Structures are given as structure tokens and as C-alpha cells.
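Colleague: I am new to this structure. Could you take me through some of its features?

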Amino acid sequence: MKKAYFAVMLTLLVVITTARASNESPSRSNRRANGRSRPNIIFLLTDDQRDNSFAGMGHPFVKTPNVDRLLERSVRFANAYIAEPTCSPSRVALLTGMHERVNGVGFTSSYKLTEAQWQQTYPALVRKAGYYTGFIGKFGVQYYAFKGPAAEKFDFWRAHNGWTKFFPKDYKSPSCKPYHDAKEDIITFVMGEKISEFFDSLPEDKPFCLSVSFNVPHGSQTTSMYPDYPDWRLMTRPANENPKLKGTAFYDGLYRNLDIRIPAATGTDPYRFIPKFIMDQDKGRRTQTYPYDYTHLTCMEHHVRYYQTITGLDHVIGGMFSDLERRGLARNTVIIFASDHGLLMGEYGMGGKALLYDLASKIPCFIYDPGVPSGFRGRRVEELVSSLDITRTILDYAGVPGPDFMTGKSLRPLVEGKDVTWRDELFLENLYTGRDTPFQEGVRRGKWKYIRMYDGKTGYEEPDVDFSNREPEFEMLFDLEADPGEMKNLIESHADSEILASLRRGCAEHSRSLNQRREAFSNTVRVEKR
């Protein structure tokens, strides 16, 4: 009888406990861990960071232990290209999943991003699908119809337009004011602080999608590490002469005693690579915007500061991941990493971006997906990847179909090690025409890269980027296997080759297709001039 009584009581206790548990709200981590089809998503975007600039990607001296550990558990895309290798156009392309030629928004185009276009961006779509969304850092769109109330487009907003400074609390500019309430002083660490605030704000009943747009290692940050002398924008003095950086872990003596080899072409004639008639370096590139990459002394200082800020970035990413683990969120949070473009730092006698050289248009890109079996992690994927694929990938993880005008392909099958058919060539373009930069378009196919250039126009409209009846003013052809540094232009030696003819045809077809897509897009979705 006693045994029977205790058995009944035990059964009753189990029933009561189970019922009580079913009526209680499960923890955020459990809910998300069980809801694998709706993982949390973090998209980390850096500014001006070129490919292979982490130790785990083979950089010879930069220290990035946190990202390296993350790379060991991620899938790296070794041939990832930004759709538009200039700040604002690249960011609009990432948001919309469309080339600048289709979305129409760039520094030197005639259009701005409309409300109707915003509704088809990945942040708007995942928010509509029930995600809690956040944006931290450099918004970078520059030209958009809802300037002012952009914060309303997200559930959490700690962001700015334009360019902030390394010590944002020292400035009253609109780009720095959003960070005046921070406990930290240095912009990268402020971003880490805001990430933690976002995690603190999470609701219990929704997955989240957080976009973090870091400001480093952009020149606006590296130059302003030490702004207290007349020619500070040229970086003519070591940044650690700034008392604020003395004794800091990353920005004092780090890398200053190394034998850093700046590019051999630094300070040499840039016009032997791209002629002056198609791109005049003296119209802003080497006199106003990237002057520090045109002399040996200042280029060396730029290199030191550049990699110091990447190591500082690594520290913040490590803190973010530890925070995810502490909160029980790491096991169901997908992390996507990319940069808005690369950077020339003395190579070809030049500085800056907005060119289709690999150093400017190729980006570091990897995806951490904790749901992927351990045997598929730590891989290096060689397929050709576009930044437009990232937009599709975010939507794929969120379970949201992409709008018809988005291009790109989800990277998720490659992350999961599936045998899928992939592209064998990738179209590249840059329509930014400031600083006398020409219109550019090209194709990467196998070991070959073909680039052609046309004289640019500021305030361009659709007819200006229709090159079907124009002969290129300058062309480049590179064999990336024999010449990974893209130093030897093979246009003349391959003038009559079938590979050049084929690449020209392919480039023209991609270009024509995008122009047609733009026409259909502008007839379907409201576009608006500035």
C-alpha cells in the first residue's frame, strides 16, 4: 500500500511540475536554441578592411586571436568581392541586395534611397517577419528619403551618418554626438559597449538580427588617433605621441618595433598602372583624401595605425562572443563577417579604394553557424562570392524570401557543405566618379580578371551607365595565378586571344542585363532623385 501510495504521489508531482513548466515562459536561450529554423543573426561589417588582414587568414604580423578562434569554427570565403568598392554604394548594395546600377544609390548618382526601397531591404524584411532588429555604428547610406527618422526603422539604434572620429566624445559633430553618453572613449570600444546594451534590450519572445557597422580601420579613424598638430591628417607623427594613447594595450607601441615592409611601389609613379587621362590622381586622391599613402614616412605610419585598429577590433569581437556565451545565445546565433571594401595602401603608387583591383574590391568574409556539424567548420571555400550573396544569406537564415529584384545567392548551402551548382564567373563594377575615378566594370572568371574603364560623370543617370555603344577608354587583363598582385596588364599581349574576346562578351552581357533590370525596377518600385 505504501509503495502504491508513493507511486501515485510521484506521478501526481510529475504531472503538476510538467503543467507548471508548460505555463511558464521558457528562457530566451532555450527558446532560441530549440527554434533552429529561426536563429539569431549578427552581421559584422568593417570599414576599409582588406582581405587576408587577420592572422588566421595568413597575415604575417597582425595579432587577432579572437577572430582567429572564431575562424576555426567558421567557414571562410576566400574569393569574396564587394559589389561596389566605395563606402556608401557598397552599404546600399548590402542592404538592398542589388548592384548600384539597379538600386541607383551612390555618392555620384542622381538618386536617393526611397521609403519604398527601404521596405525591401534585409533589416525591414526580417523585422516584418518578427525579428527584433538593431543597428550600431556607421549607417553610411548618405542619401535617403527618411533622413532624420532612420532610427524608427529599427527596434534598437545607436548609429550615425557620415564619419565619426577615433575619440568621438571630443567632437560636437552630428556623427559623434550619438556616442557622447558612452563610458568608453575610443570608438571601437564604444561599439562594443553598444553591442552589450543591445543584448540587454532583447525581448524574451523574438529572435534578433543585429547589424554592427564598425568605423575601423577607415582613414577617418586612423588619422584622428592623434589630431593635435597642424598636419595631423597626413599622419606625419606617431599616434602614440598622443598622451591619450600612452600605455593603451593596442594603440601605443604595438607593431612599432616591427620591420614592416610597406609596398615597394609606394611613392612611385601611379600613372604607369592607370594612365592619367582616365584617372588623374592629383584631382583629390593623392592631394586631399589619401595623401599619407603617397610618401614612405606617412605610409608606414598608416600601416602601423591600420593594423593597431584591427587588433582593437579583434578585442571587441572577442568580447561580443564571450557575452553571447555568457547569455546562452552563442549556440543559436549565426555571425556573418565582411568589410565594405578593401584598400590600396601604397600599392601601384596609390591609396584608397573605388578600383577593381583585388586589394580594393576583395574582402574578408566568413560565417559562423553553430548549427553546422563540427566536421564542416574551419573550411576555406574557393567559390566566387559577391557581397550581394550576404543579403540573400541573412534572409535565408531568417526564413524570409528575397524580393524579385535582389540578385545574389544564399551562402548557406556552402556553409553547410552541400554539393550545389555555383557561379563560374562574377561581375564587378564601380560607378563612383569622385576624385576623377572612371566608371568601371569587369569580370572575374577562373584565373582571369578583365576590367574596362569609361570616363565618368558626376550626377549620372541611366543613359550614362549604358556602355553598349561606347568603346572602353582603358582595359586591363590579369592572370591571377601567374600574377596574383595584378602588376602585369596583359591586354596588349592577349589582344587577339579568345579568352579576352570571351571576357569582353561576358562583361557586356552582364552590363546590359543590369541596365534592363534597372529599367524594370524603376518601373515597379518608386525611385526618387535627390
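This is a predicted model: local features need pLDDT of at least 70, side-chain atom pairs count only at pLDDT 80 or more; totals for chains, interfaces and linings use all residues.

Colleague: In what order do the strands of the open sheet come?

Modeller: The order is β5-β4-β6-β1-β7-β10-β2-β11, eight strands with mixed pairing. Strands here are DSSP runs of E with at least two residues, helices are runs of H or I with at least four, and both are numbered from the N terminus. Two strands pair if DSSP finds at least two bridges between them.

Colleague: Which strands stand at the edges?

Modeller: Those are β5 (156-160) and β11 (379-386); each has a single partner strand, so one side of each is left without a neighbour in the sheet.

Colleague: And inside the sheet, how do β7 and β10 pair?

Modeller: Strand β7 (residues 333-339) and strand β10 (residues 366-368) are antiparallel, with three bridges. Phe337 stands opposite Phe366 in β10.

Colleague: Moving on to β12, how many of its residues are buried?

Modeller: Six of the six residues of β12 (residues 425-430) are buried, so the strand is largely enclosed by the rest of the structure. Buried means under 20% relative accessible area, exposed over 50%, and partly exposed in between, with a 1.4 Å probe and protein chains only.

Colleague: Which residues lie on each side of it?

Modeller: Glu425, Phe427 and Glu429 are on one side, and Leu426, Leu428 and Asn430 are on the other. In a regular strand the side chains alternate between the two faces of the sheet. β12 pairs with strand β13 (residues 439-445) in the antiparallel sense over six bridges, and Leu428 has Gly442 as its bridge partner there.

Colleague: Helices next. What is the span of α11?

Modeller: The end C-alpha atoms of helix α11 (residues 296-326) are 46 Å apart, which agrees with the 45 Å that its 31 residues should span at 1.5 Å a residue. The expected span is 1.5 Å times one less than the number of residues. In α11, 23 of the 31 residues are buried, and the helix is followed by Gly328, whose phi is positive, near 75 degrees.

Colleague: What about α13, enclosed or open?

Modeller: Of its 12 residues, 10 are buried, so α13 is largely enclosed by the rest of the structure; among them are Leu388, Ile390 and Tyr397. At its start, a side-chain oxygen of Ser386 comes within 3.0 Å of the backbone nitrogen of Leu388. Just after α13, Gly399 has a positive phi of about 75 degrees.

Colleague: Now the rings. How many aromatic pairs are there?

Modeller: There are 37. Rings of Phe, Tyr and Trp (its six-membered ring) pair if their centres lie within 6.5 Å; planes under 30 degrees apart count as stacked, over 60 as edge-to-face and the rest as tilted.

Colleague: Why is the pair of Phe139 and Tyr144 edge-to-face?

Modeller: Their planes are at 85 degrees, with the centres 5.3 Å apart, so the pair is edge-to-face. Phe139 is buried, with a relative accessible area of 2%, and Tyr144 is buried at 4%. Ring pairs link both into a cluster with Trp118, Phe135, Phe146, Phe154 and Trp157.

Definitions and conventions. Residues are numbered from 1 along each chain as its sequence is written. Side-chain values use heavy atoms; hydrogens and water are left out. A polar contact is a pair of N or O atoms within 3.5 Å; within protein, one must be able to donate a hydrogen and the other to accept it, and residues adjacent in sequence count only if both atoms are side-chain atoms.
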